[in-house]
Amino acid sequence: MKALTSFPSRAICLLVILFLFQNADAQVQTARNISTGPNSNGFYEYLPQGYSSGTAKYPLVIFVHGSGELGNGGSDLPTVLRNGPPKLISQGKFPTSFTVKGHTYSFIVISPQFVAWPSNSDVDKVIRYAVDHYRVDTGRIYLTGLSMGGGVTWAYAADPTNSKMLAAILPVAGGQLWSGKGGATLIATANLPIFAAANLNDNVVPSVTTVDNINLINSIVPAIQPKALDTIYNANGHEGWSTTYDPATNLHDGLNAYQWMLQYSRNMPEAPLPAKLTDYSAVLTPDKSRVIVSWTTSSEQNNSHFILQRSTDGQTFSDLDTIPAASGAENGHSYTSIDTRPLTGANFYRLAQVDLDGNKTWFDILKVDVVQDTSNNGNNNNSPLRLSPNPSAGAIHLEMTNSAMGNLQVRFSDVQGRVLRTWSFNKQDLSWTQTIDPGALPAGIYFITIEAGTLKEVRQLVRN
C-alpha cells in the first residue's frame, strides 16, 4: 500500500524547501578581516548572485564610511553596516541587479573600514586589492562615500591618475574640494562624471561647499563632459545619504544612484582622435636654462596644429607656442617645442591638438620645477643688471653697472615674446639707474630686456 504523508509533514517540507530557496537567492555580505594596508584591517564583501560559478566580470563600488565608523577592521567592523550600501545589503534592500539603457548589471561592493582618516594611498590600496582578487570590470570602478567618506572621495578623484581610472564618483555631504582649482582642473580634464548630494541645512558640513565644488568644476575650460551635477535636499542635519543611496530615490532623470553610475564606463568606445599620442614629456635641460616639450603621434587625421600652453599654478594657462601639423604625418610624427625662458619655480605645460574644424583635444598637464634664486629677488648676482621691487605692481627701478656706454634699448614683453613697451636711454657712466612704469597690466609673468651694443640682459618680473 502506498503510504500517505500527513498534511503537517507536507507543510513542514514545503517550508524547508522555501527556506532553502530563499537562502539560495539571499544577498550575502561577508566580513573579511583582511588588511589591504596599514590603515585598513577589514572590509565587507558583497558579491553578485552566480559569482562563484561563473567567469563574468562585474562593476565595482567602493564605499567609504564616515568618521563615526572608524575602527580596527575586526570587532569594530559591524559599525560599517550603519549606513549606505552595506546597510541596505544587510537589510536585504539592495537590488540584485540594475537595468540601464537596456543592459542589466550586478555590483561587487567592497566596504572597507579605516583605522584613521584615509589618505588617497589608503583608498588606492583597497581598489587595487579588489581588482587583484575579484573579477572586476576595470572600466566600471565607482567610488562613493558619506561625510568623511565624501571628502575622501573628492580628494581621491582630484589626482590625475585616479580621476582617469574611475568611471564615476558620488560624494555625499563631503565638504570642500581642498585641492581647489588645480584639483577641479584635473577632474574636468579627465571628464570624470560626478554627482554630489547634501542636506541644505547641514550643521556639520555646510551644503554650500558641495555647491561650490560643482560650480568650480563646471567653470573649468575646456568644459567637463558630462557636466558635474548636484542635488541639495531641503532637509536639516548632517545626513542626506539615506535618501541618496535609497534605490527608490529618483536621483536624476528617473535613475537611482546606482543606475546613474552605471551610465558611465571607461570602456565606452571613443571617437578616434585626429592625433593619437604615444609619447609626451617635458624635460629641463642640464643647464636649467630651457624646457624641452616633446610628443610623438602614432597617427594623424584632419590635424591642423598643436598649441603649447604654460602656467605658474596649473590653473591659468597662456599660449606659449603654436606648432603646425607636419605634412604627410598620417602614420605619425615627432614634435618638439623649446621653452627658452622657463620660469623660476613651477612650470606647468599643457598641450592641445586642434583639428581642421577648430575643435580642440587637451592632453595631460606636465610639471617642471626650476630652482628659484631667492637671494636677490630673482636677480643674477653675476649680472650687471638689477631690478626692484620684484614682484611689482607699479614702477620698476633699474640699476646697471658695466662698461657699456651709449644707447640702451629697454623692452618689456610677456611670456609669449610679445613686446608691450619700449624705451630708449643714453648711458654715459659705469653706473646707470632708471625708473620705468609699464602701466596697467594684468597680473602675471613678464620679461625686461636691455640691449647695449653686444650686451643683452634679460630679467623675469612678476606683476601683482
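**Loops, helices and sheets**

Mentor: Pro222 sits in the loop between H7 and strand E10 (229-236). Keep in mind that this is a predicted model.

Trainee: OK. What is the peptide bond from Val221 to Pro222 like, cis or trans?

Mentor: That bond is cis, with omega near 0°. The bond joining Gln225 and Pro226 is cis too, with omega about 5°. Pro226 also lies in the loop between H7 and E10.

Trainee: Why point those out?

Mentor: Most peptide bonds are trans, and most residues other than glycine have a negative phi.

Trainee: Then which residue other than glycine has a positive phi here?

Mentor: Ala173 is one, with phi of about 50°. Ala173 lies in the loop between strand E8 (168-172) and H6. Asn191 is another, with phi near 50°. Look for Asn191 in the loop between H6 and strand E9 (195-201).

Trainee: Is Ala173 buried or exposed?

Mentor: Buried. Its relative accessible area is 1%, and the cut-off for buried is under 20%. Asn191 is partly exposed, at 31%.

Trainee: New topic. Which residues touch the most other members of the largest nonpolar core?

Mentor: Ile110, Tyr134, Leu166, Ile187, Ile194 and Ile217, in a core of 39 residues. Elements giving two or more residues to this core include strand E3 (58-64), strand E6 (108-114), H3, H4 and helix H7 (207-219). In soluble globular proteins, nonpolar side chains tend to be buried together.

Trainee: What is Ile187 in contact with?

Mentor: Leave aside neighbours within four places in sequence. Then Ile187 contacts Ala157, Ala158, Leu177, Leu192, Ile194, Ile217 and Ile224. Another core, of 30 residues, lies apart from the largest one. Phe107, Ala167, Tyr258 and Trp260 are among its members.

Trainee: You mentioned H4. How many of its residues are buried?

Mentor: Nine of 10, so helix H4 (residues 148-157) is mostly covered. Among the buried ones are Met148, Val152, Trp154 and Tyr156.

Trainee: And how do the axes of H3 and H4 cross?

Mentor: At roughly 85°, and the axes come within 9 Å. The two helices are therefore roughly perpendicular to each other. On the H3 side, Asn120, Val123, Asp124 and Ile127 meet Val152, Ala155 and Tyr156 of H4. That contact has five nonpolar residues, one polar and one charged.

Trainee: On to strands. Which strands pair with E16?

Mentor: Strand E13 (residues 303-311) pairs with E16 over eight bridges, antiparallel. Ile307 stands opposite Ala352 there. Strand E17 (residues 360-370) is joined to E16 by nine bridges, also antiparallel. In that pairing, Tyr349 faces Leu366.

Trainee: What's in the turn between E16 and E17?

Mentor: The two strands form a hairpin with four residues between them. Gly358 in the turn has a positive phi of about 90°. Strand E16 itself is mostly covered, with 10 of its 11 residues buried.

Trainee: Last one. In what order do the four strands of the open sheet run?

Mentor: E21-E20-E23-E24, with antiparallel pairing. Strands E21 (419-427) and E24 (455-463) are at the edges with a single partner strand each, so one side of each has no neighbour in the sheet. Neighbouring strands are turned by 20° against each other on average, direction ignored.

Trainee: And the E20 to E23 pairing, how many bridges?

Mentor: Six, between residues 406-414 and residues 444-452. Phe412 stands opposite Ile448 in E23.

Terms used: Residues numbered from 1 in each chain as written. Predicted model: local features only at pLDDT ≥ 70, side-chain atom pairs only at ≥ 80, totals over all residues. Heavy atoms only, no water. Pairing = 2+ DSSP bridges. Axes fitted to C-alpha atoms, helices over the stretch in contact; angles between N-to-C directions. Buried < 20%, exposed > 50% of the residue type's maximum accessible area, 1.4 Å probe, protein only. Parallel < 35°, antiparallel > 145°, perpendicular 65-115°, else oblique. Contact = heavy atoms within 4.5 Å. Nonpolar A, V, L, I, M, F, W, Y, C, P; charged D, E, K, R; others polar. Core = buried A, V, L, I, M, F, W, Y, C linked by side-chain atoms within 4.5 Å.
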